[in-house]
Amino acid sequence: GVDLSSRMVEVARQAHGDGALAAAAFYDRSFADVLAEEVAAGAGAEGGRHDVVLFNGALQFFADPVATLQQAAGLLRRSPHSRLVVAHVSGAAFVERERQENPMTVLSTMPTLAELSAIAGPLGLQVVTPSFLGTEPEKIEAALRDFYLVVLRWDGEHGGVDGAPPPEGGAAEGVE
């Protein structure tokens with residue numbers, strides 16, 4: 001796990017540093033530092049070394065979420081199990097209000113399904129949403145306003161699995 005906060009890294013290490021995650025590494029580094037390390041290690045067209053990249057209540061602090069998600073995709077291992085997760089427990093509407101109140105800190109808003117699809121497609125990623133958010137793009141968008149959870153996974157051509165095609169302008173149905 002990577003977080004700017006050494007306190008949060010220590011909490012994660014204590015909570016998850018043994019058992020199934022005993023081999024996991026926990027670092028207090030910036031996203032830019034992780035990217036630089038990955039490039040130095042030779043990450044490229046074949047993907048990176050990470051199974052999961054999770055932006056939990058964090059994407060809005062990046063000025064260019066499109067570039068950030070593109071860079072994050074480069075960190076992912078090409079595997080059917082790799083995931084890029086974008087989440088915010090308070091939802092997209094909260095982030096919009098937060099941006100209006102604190103534009104110097106909150107640099108962007110949560111991407112819409114259409115925006116995510118436009119980012120993901122050229123990278124070889126599929127947009128997947130949990131089934132509890134619904135199946136119709138309009139209902140999913142409305143649900144994301146209050147609880148934001150979207151997963152990007154590799155498609156079959158890029159080392160992943162192909163799921164049901166996404167609804168027009170929306171996300172593929174159901175996260176495993």
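## Ground rules

In what follows, Ala, Val, Leu, Ile, Met, Phe, Trp, Tyr, Cys and Pro count as nonpolar, Asp, Glu, Lys and Arg as charged, and the others, Gly among them, as polar. This is a predicted model, in which local features need pLDDT of at least 70 and side-chain atom pairs count only at pLDDT 80 or more, while totals for chains, interfaces and linings use all residues. Residues are numbered from 1 along each chain as its sequence is written, and side-chain values use heavy atoms, leaving out hydrogens and water.

## The largest pocket

A pocket here is an open set of points on a 1 Å grid where a 1.4 Å probe fits, with protein on both sides within 12 Å along at least five of seven lines; lining residues have an atom within 4 Å of a point. The lining of the largest pocket has 21 nonpolar, 7 polar and 6 charged residues. Among its 34 lining residues, Gly1, Val2, Asp3, Val52 and Leu54 lie nearest the centre.

## Salt bridges

A salt bridge puts a side-chain nitrogen of Lys or Arg within 4 Å of a carboxyl oxygen of Asp or Glu, and the count comes to 4. One of them joins Glu10 and Arg13 at 2.9 Å, N to O; these two are 3 residues apart in helix 1, so about one helical turn separates them.

Another pairs Arg145 with Glu96 at 2.7 Å, N to O. This pair links distant parts of the chain, 49 residues apart.

Definitions and conventions:
Helix = DSSP H or I, 4+ residues; strand = E, 2+ residues; numbered from the N terminus.
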